[in-house]
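Read this report with the structure open beside you. Follow each part as it comes up.

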Amino acid sequence: MTEPSAIPAVPAGPELDGVRDRAQAALERAVGEGRLTLDEFTDKVDLVLRAGSEAEVNAVLGQLPAPVTAPAAKVVSRQSVFDDVSRSGRFALPTGATVSSFFGDVELDLRHAVITDPVVEVRTWTWFGDIVVTVPEGVEVEVKSGLVFGDEEVELADVPPVPGAPKIRIKAWTTFGDVRVASQPG
């Protein structure tokens, strides 16, 4: 847990920007250490940027969880035949994870995923199934898809990217299925 005394006291005003910058750096370290999910990170950065005083910034940092001692369940590779693959909640998502299905859908909700890399690449593919990926608002997302008899729909909220948030690269291939990527609040 970050101690409130770790940031020196400054009056409200332009000096508060430096306090916010240091607090944001602490939040970036926390998400990189797996202490915050993407959704928690975006919420806390928003609170820091809106803070009107050092005390408000320190209150946000005082809420940081302790370092993770047991790793979250990790998704590295998951395949399915004649069944859907669905993942949501708190789980570790390393770059290079692959999720696929024959005759089933792939559904990934990344709003509570623990991402420790600044850029995470997720590969998904289906035969006769849809790919649906949900991300938190304010996270930069790149989508590259290959479709045979399917449609791509990307609906990201028109909000500025949260500074320091990881970038998500989604590579999606499907035959006889659609690719849908959308952002939603946590």
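Two strands pair if DSSP finds at least two bridges between them. Strands (E, at least two residues) and helices (H or I, at least four residues) are DSSP runs, numbered from the N terminus. This is a predicted model: local features need pLDDT of at least 70, side-chain atom pairs count only at pLDDT 80 or more, and totals for chains, interfaces and linings use all residues. Residues are numbered from 1 along each chain as its sequence is written, and side-chain values use heavy atoms, with hydrogens and water left out.

| Strands | Bridges | Residues facing each other |
|---|---|---|
| β3 (97-102) and β5 (119-127) | six bridges | Thr98 and Arg123 |
| β5 and β9 (167-175) | nine bridges | Thr124 and Ala172 |
| β8 and β10 | four bridges | Glu155 and Ala182 |

Thr126 also has a residue opposite: Thr174 in β9. In a regular strand the side chains alternate between the two faces of the sheet.

## A serine in a strand

Where does Ser183 lie? Ser183 is in strand β10 (residues 179-184). Is Ser183 buried or exposed? Its relative accessibility is 13%, so Ser183 counts as buried. Buried means under 20% relative accessible area, exposed over 50%, and partly exposed in between (1.4 Å probe, protein chains only).

The side chain of Ser183 reaches the backbone nitrogen of Ala157 at 2.6 Å. Ser183 also touches other residues, among them Val135, Pro136, Glu155 and Leu156. Contact here means heavy atoms within 4.5 Å, and residues up to four places away in sequence are not counted for Ser183.

## The cores

A nonpolar core is a set of buried Ala, Val, Leu, Ile, Met, Phe, Trp, Tyr and Cys residues joined through side-chain atoms within 4.5 Å. The largest one has 23 residues. Those with the most contacts inside it include Leu93, Leu110, Val133 and Ile168. Strands β3, β4 (106-109), β5, β6 (131-136), β9 and β10 each supply at least two residues of this core. A second, separate core has 17 residues, including Leu16, Ala30, Val45 and Ala51.

Leu110 touches Leu38, Phe91, Leu93, Val133 and Ile168, among others, not counting residues up to four places away in sequence.

## One face of a helix

Which residues of helix α3 (residues 54-61) are buried? They are Glu54, Val57, Asn58, Val60 and Leu61. Seen down the axis of α3, these buried residues fall within an arc of 155°, so they line one face of the helix. The arc is that of the directions from the helix axis to the C-beta atoms. An α-helix has 3.6 residues a turn, so residues three or four places apart point the same way. What covers the buried residues of α3 includes α1 (15-32) and α2 (38-50).

Technical notes:
A polar contact is a pair of N or O atoms within 3.5 Å; within protein, one must be able to donate a hydrogen and the other to accept it, and residues adjacent in sequence count only if both atoms are side-chain atoms.
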